[in-house]
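My notebook is open, and I'm jotting down what I look up as I go.

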Amino acid sequence: MSTAACFAGVLGGVSLSGAAAVAAVPTRVSAAASGLATAAVGVTGLVGGALAVAGDLRPAWVGWLVPLSGASFAADATSGLFLLVIGAVSVVAGLYTVGYAAHGHLGRAPLAVLPVFAGAMLVVPLAAAVTTLLLFWEIMALTSLLLVLAEWRREQVRAAALSYAAMTQLGFVAILLGLVVFAAAAPGHAETFPALRDAAVHLGPGPRAAVFLLTLAGFGSKAGLVPLHVWLPKAHPEAPGPVSALMSAAMVNLGIYGIVRVDFVLLGPGPRWWGLVLLAVGALTAVYSVLQAAVATDLKRLLAYSTSENMGLICVALGTAAVLAAAGRPAVAAVATTAALVHLVGHAAFKTLGFLAAGGVAAVTGQRDLDALGGLARPMPVTTVAFGIAALGAAGLPLGCGFVGEWLLVQALTHAVAAGGTLLALVVPLAVGVVALTTGLGVAAMVKAFGVGFLARPRSEGAQRAGEVPATMIAAMALGAISCGVLAVAPAVLVPVLSRVLPELPTGTAHGPGPALGTLVRLPGVGGSVSPALLAVAVGAGVLLALAAARWGSRRRPAARTAALWTCGGGGLTSRMEYTATSFADPLRRVFDAVLRPDVEHVVIAYAQSPYLLEKVSYRSWVHDTVEVVLYRPVLRAVAAAARGARRAHTGSIHAYLAYGAAGLLVALVVVL
Amino acid sequence: MSSHTYTSLLYLASGVLLLSAVGIVWGRPLRVAVRLLAAQGAALAAIPVLGGAYRHDWYLLGVGLAVCVLRAAVLPGLLARLVPPPVGLTDPREQTGAGERHETGPLLGTSASLMVTAGAVVLAYAVGQPLVALDPSPSTRAAPVALAVVLMGVLLLVTRRRAVSQIVAFLTLDNGIAAVAFLLTSGVPLVVELGASLDLLLFVLVTQVLTARMRVKFGGTDLGELQELHE
Amino acid sequence: MLSVSGVAGMVTQVVGVAAGAPLLVGWMRQVRARLEGRAGPGPAQPWRDLRKQLHKQNITPDGTTVVFAAAPVVLAGTSLVIAAIVPGVTTGSPLDRVGDLFAVVGVLLLGTVALALAGLDTGTAFGGMGASRVVTIAALVEPTILVAGVALSVPAHSSNLGRIVATTAADPGLVASPAAALAFAALAVVVVAETGRLPVDNPATHLELTMVHEAMILEYTGPRLALIEWAAAMRLTVLLTLLVNLFVPWGVAGAGAGPAGLLVGLGAVAFKVAALGTALAAAEVFLAKLRLFRVPELLAGSFLLGLLAATTSYFLTGPAG
Amino acid sequence: MGLFSLIRRVGRVAEPAPPHPAASAGPAALRGSLQLRHVDAGSCNGCEIEIGGCFSPVYDAERYGTRLVASPRHADGLLVTGVVTRNMERALRDTVAATPEPRVVIAVGDCARNQGEFAGGYGVVGAVGDVVDVDAEVAGCPPTPTEIIAVLRQVTGR
């Protein structure tokens, strides 16, 4: 039996020595050193996660680490689940970095920071006091900011990093304020989590609501919940491949962790409106983000919006669980909680794989724009298959690893209709509609990403020159693909972990059995079952049957041949005639015109002789992030105007500054008197 | 009639009431709207007829039959005469303004009005719950559905431009009100109901005459254009 | 769980759908032909077409990948799986517990996605256009299906299709409930949209620019084309079966029915599906294809109906359920 | 229900089928089912109108198992009309190459058979038979639907 502090120390040691090693070794092997160090950190995280789930990590207090308060660490099964997920992502991303960085895509500084980032993420779920949590939260934010800035020479990267820095610090302030209000209610202003848990009872409804809303905003911004998501689709795509994977598959989970830890475990169970708020925010996030993903043309931006979408779905599940728990239906609440956790794990798996494949494509072709990709299936078969598996998961279709989570969510919602009175009966069908629309649009987005990006024929030089990625990257993607496959057909592998996590949560299974995730996924108390494994077998059998049917008459069939594409007799097709990502998404863009509000520039230049003879037709369209345009631009403009006003006061004259000081002193005196 | 059968038939009638109202919001062809209105009238009449048959109340049964004749046959029949038959089935020379067959350019698009309808129904259900709680019986339980039909009638009245659509909207609204009355009180005094229906008949007749005049005079019945006349 | 009756029923369903689907399509074309004053080729014509296609040459267009070759097989395979799950002849299919309503919808979508990817894989403008349209429609149909599914699952306390059908069969009052009427209307629109019938898509069109389903399969020949057409017919049959049995479940064999019960079930479902197909074909005579950008209005309406079904069922049955 | 009564009033429009064809011309695989792609290689549109007539309710060629399709990949037979012009020569060859075996090429009308009226024109490459192999021919300028259908029925055998 070891202590959580010990384990955090090991994590810190591995990460820092990894960073030091990267700094020390020759440039040639620095990539390998960084990747292996990150993978080692990940393995440590996996070990720690297993120990935490088994309940083998004792809480501990380290006085010297943080001045005044000291640092406190503890690990329960909930921490363990997050350690396992983040550790697994780090292992895969670390392995991937070896090949990725060897191509010269990463400098030495980012390579050195990478293991530290992974380490910081792994310590966050271990923190058991406000100061400790905030300290490692900030280390995680800063290291990830440095990693986003890896390609700082590009203008977009700097803009994305600025936006990320601003949002992450605002989020930090929100969390800080929320936790300070929370801790103030604790006896003797103790700030450890057990003390906070006791203090939650004494918190009045007003401060309690304030703590909930502040922490939801702070953690929600990390998870990319609308309207605090604006940094995510900018920063995640601009980061290098493995960093995108770490941020999008691991770091966002910590936002969810924060909500679960603070708002559910420490502060909760809350009143019904908390659940409704979570449900509303989650639903808004899911639909808005998936809509943006469906019309996005940048491969990595699409994946980033999909991250936001899935966090929204997890939030819907958590909200449903909270509402049902408040309505006194623990069995169905447990189904919803399970849905959230299963989907979280599934999302981590497919999003890692997706970003690794997309990173490989971006590295090899130099293109992230789907309108310039295409035809990658032949030069990059492994990457294509990997992205296909990830896209199947992200689409939430059967045989993909996102299916079970979404299925559980829909089931929980179905049985919530009759569970909680008028309000639920009106809200839940709408929520089902939202989840369904999200799934449908997610399918559209993923068909676009895979079909336009990888199939058909190349649309640019870069895509034409593509070749397969190096072996270590393939190995990493294979690991990711295997975990996707296992989660897709055998969600039972999660049972040992979930069976320990669920009793710890107020919306979990303290009052009865949770859903059975065996070969047959069954729900307690309510009918409904599905078996991903047997369904996969059935589809396989169906496919074999169809193949056999197609062999009927094959002996009398003329020999098969290849032929040029049918071009309606018009001669050869060029890649300019293909459907692009923009044209693919055009029907959806038009249907949701009111929400997306695209800018369209349509120029028709006719010859002077006749308006019917056209010299040139050009069409461009941009889809901006509507939330950013509507909500952020006015605020930013106001801030900029205030700054301009303040600048006028800065005359540069020393006398003026002295006069300001004197005036300030006078005002202070007058106020005090 | 057993209580179970009565309940399910009553609910079916209110379901048809709602379905036909949704159909009127959904579709643009005026002929379809008029036919749906007839179905709606039949469903409305079914409520007192069922109540009468269940409670052996001959008076209610009579009211129901009267409502049926008026709402399912006479009023839609009059309205149908305002809408020209589809193209191709009649002599083209007899055709008047082509725009009269469809609701053109409603003030709110179809998808948007459907979404607003969804909100209205949810609102009606939420608002109707306290009413149901007063006296939970099969017929009061169905009252929120009728309330939803009232709101949809108002929505139609606000957003439609054609005179015929306006009449359809008004009749939908009135059907909803009558349904609420039947469901909540289990039968309105015949005089009140007949009086209301006669008002309606009068309204339809007047509008029919007016529409015919307007068509002769202005070639169309777009209310927006009438606004310009006023100015 | 694995009963002889259930397995026999499932096999009957799969064989029935596989053999009967082209006949249903042929029957619907025949009905349409008669209404148009034509003599029509007879209901067996799709089978003649399929047999002929299977004896024709397989052409693989240049530049296509394995996706193009695999899509027809996946489409047909998923259709067969759904035929095995959906309670057509019996409610006791052993696969009933393996996939519920939501899983069936997912498997259906899997087939759609496979074909859309094949359309994109060819790299032609029409292939991409068809894929884009079919995926858009599928995305917008999804909310209706799930909300209507929830409305149907609530009275049965289960989303497994066999259970829903068995519950409705046991309580005929559910058939006449307003929730059922609204959900039926919603799902009917969905079935029309998913199977590419009028007014969403015109299965008989030759104009590429108006195509949805056909545009994706313009490059397919011989056996692969046969598989796609067979699968499309099976999807139509299965969806009509589902629609008719969810709302009019009479005649469906129970979980432990003997051979006679299965035969009655087969006869009943064949009759009901043929009747619904006749009604659908007759209705199509009256319809023109909608503009693509008016289709969302249709689907928004069906979503509203589904939503009303879900909420109305709750308010009318009372909070007890 | 205006349309229904119209349908009832009109009844069956299709004329009774002529007697069964004696011999059959096409490959055995195409028995009973023939999907056609129409190629206009340079026609005056007279033959097009007659082909359109074949599929009208009066002649109803569909009852013999024939059907017009949108892509040569789906087709078993090509109905080629008109004399082959320079601009359509490659398109015609491409269309034949795009059609899977076994297939039939049917030259419809005198222009397609022997250049007819347009023989020796400056834009003319030749008759259909000069460019691709022709399996069956329909004579006439333009041929009547009955004549076209007679040839189609020889292929389908129905």
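Predicted model: local features only at pLDDT ≥ 70, side-chain atom pairs only at ≥ 80, totals over all residues.

I started with helix H13 of chain A, residues 330-365. It has 36 residues and reaches 51 Å from its first C-alpha to its last. That is close to the 52 Å expected at 1.5 Å a residue, the rule being 1.5 Å times one less than the number of residues. Helices here are DSSP runs of H or I with at least four residues, strands are E runs with at least two, and both are numbered from the N terminus.

Residues are numbered from 1 along each chain as its sequence is written, and chains are lettered from A and ligands numbered from 1 in the order in which they are written.

Is H13(A) mostly covered or mostly open? Mostly covered: I found 34 of its 36 residues buried (20 or more other C-beta atoms within 10 Å of a residue's own, with C-beta atoms placed from the backbone). Just after H13(A), Gly366(A) has a positive phi of about 75°.

Next I checked where chain C meets chain D. I got 26 residues of chain C in contact with 25 of chain D (C-beta atoms, placed from the backbone, within 7 Å). On the chain C side, H1 (4-35), H2 (45-54) and H9 (222-247) each give two or more residues. H2(C) gives the most, with 4.

Last, chain D on its own. I noted 6 helices and 7 strands, and buried residues make up 48% of its 158 residues. Its C-alpha trace spans about 55 × 30 × 30 Å along the principal axes.

Definitions and conventions. Buried ≥ 20, exposed ≤ 12 C-beta atoms within 10 Å, placed from the backbone. Contact = placed C-beta atoms within 7 Å.
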